[in-house]
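Please open the model in a viewer and keep the selection tool at hand.

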Amino acid sequence: MYALASNGSGGYAPDPMTQGTADVQTQHEWQTWQNLTPAEQKLVKEHPGAAWTIYKNREFAFAVTQGLFAKIDQHNTAADAFRHAYFNALNARDVGLGLAMDFSYAHEDFPGNPLLERTMDTYNNLVGLGLGSNSNKSNAQLAIEVYKLVTSGSLYMIKNGSLVKTHFP
């Protein structure tokens, strides 16, 4: 999948300025596919349009989380709680509660997922799913609502091996 440029004789050839872009994108998508659980892969095959929306929401949720919580660790912290809730709020709004919930559970269902992390992620996912369900709020409005949940201690994170309510800053 290359961008095409005129070759000067009425035809088109791969644009050398963008030729590597498609290869990188394909590698990134393949890597993403390889990291999915078997249940997620099944859902992607059954619902490719929704899967694409969820994939784009994932990228967006990661970027917003990094912007809001750049100075703290992103794993098992308030940042992680925000990202899970926000991502699922976007998904519930964009693909519907049922499908978003299916993808959410499929993502957390893999061997070796530590019980404490799975519990934290699932709780925060459910809060986000509820927030985004039947919502017509913008991305920014959802982000503000989820951020308020983080700062009010309504989500969970892991601290010193225990599940605790979020606090930030």
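Which salt bridge do the side chains of Lys137 and Glu145 form, and what is its N to O distance? In this predicted model, select Lys137 and Glu145: their side chains meet in a salt bridge at 2.1 Å, N to O. Lys137 is partly exposed, at a relative accessible area of 29%, and Glu145 is also partly exposed, at 24%.

Next, select Lys56 and Glu59. The closest N and O atoms of this salt bridge are 3.1 Å apart. Because the two residues are 3 residues apart in helix α3, about one helical turn separates Lys56 from Glu59. Lys56 is partly exposed at 38% relative accessibility, and Glu59 is partly exposed at 31%.

A further pair to select is Asp109 and Arg118, whose side chains form a salt bridge at 3.8 Å, N to O. Asp109 has a relative accessible area of 44% and is partly exposed; Arg118, at 31%, is partly exposed. The whole structure holds 6 salt bridges.

With 18% relative accessibility, Thr122 counts as buried. Beyond its neighbours within four places in sequence, Thr122 contacts Tyr105 and Glu108.

Finally, turn to the largest nonpolar core, which has 32 residues; Phe69, Phe82, Tyr86 and Val150 touch the most other members. Elements giving two or more residues to this core include α3 (48-68), α6 (115-132) and β3 (156-159). Helix α4 gives the most, with 11 residues.

Methods: Residues are numbered from 1 along each chain as its sequence is written. This is a predicted model: local features need pLDDT of at least 70, side-chain atom pairs count only at pLDDT 80 or more; totals for chains, interfaces and linings use all residues. Side-chain values use heavy atoms; hydrogens and water are left out. A nonpolar core is a set of buried Ala, Val, Leu, Ile, Met, Phe, Trp, Tyr and Cys residues joined through side-chain atoms within 4.5 Å. Buried means under 20% relative accessible area, exposed over 50%, partly exposed in between (1.4 Å probe, protein chains only). Helices (H or I, at least four residues) and strands (E, at least two) are DSSP runs, numbered from the N terminus. Contact means heavy atoms within 4.5 Å. A salt bridge is a side-chain nitrogen of Lys or Arg within 4 Å of a carboxyl oxygen of Asp or Glu.
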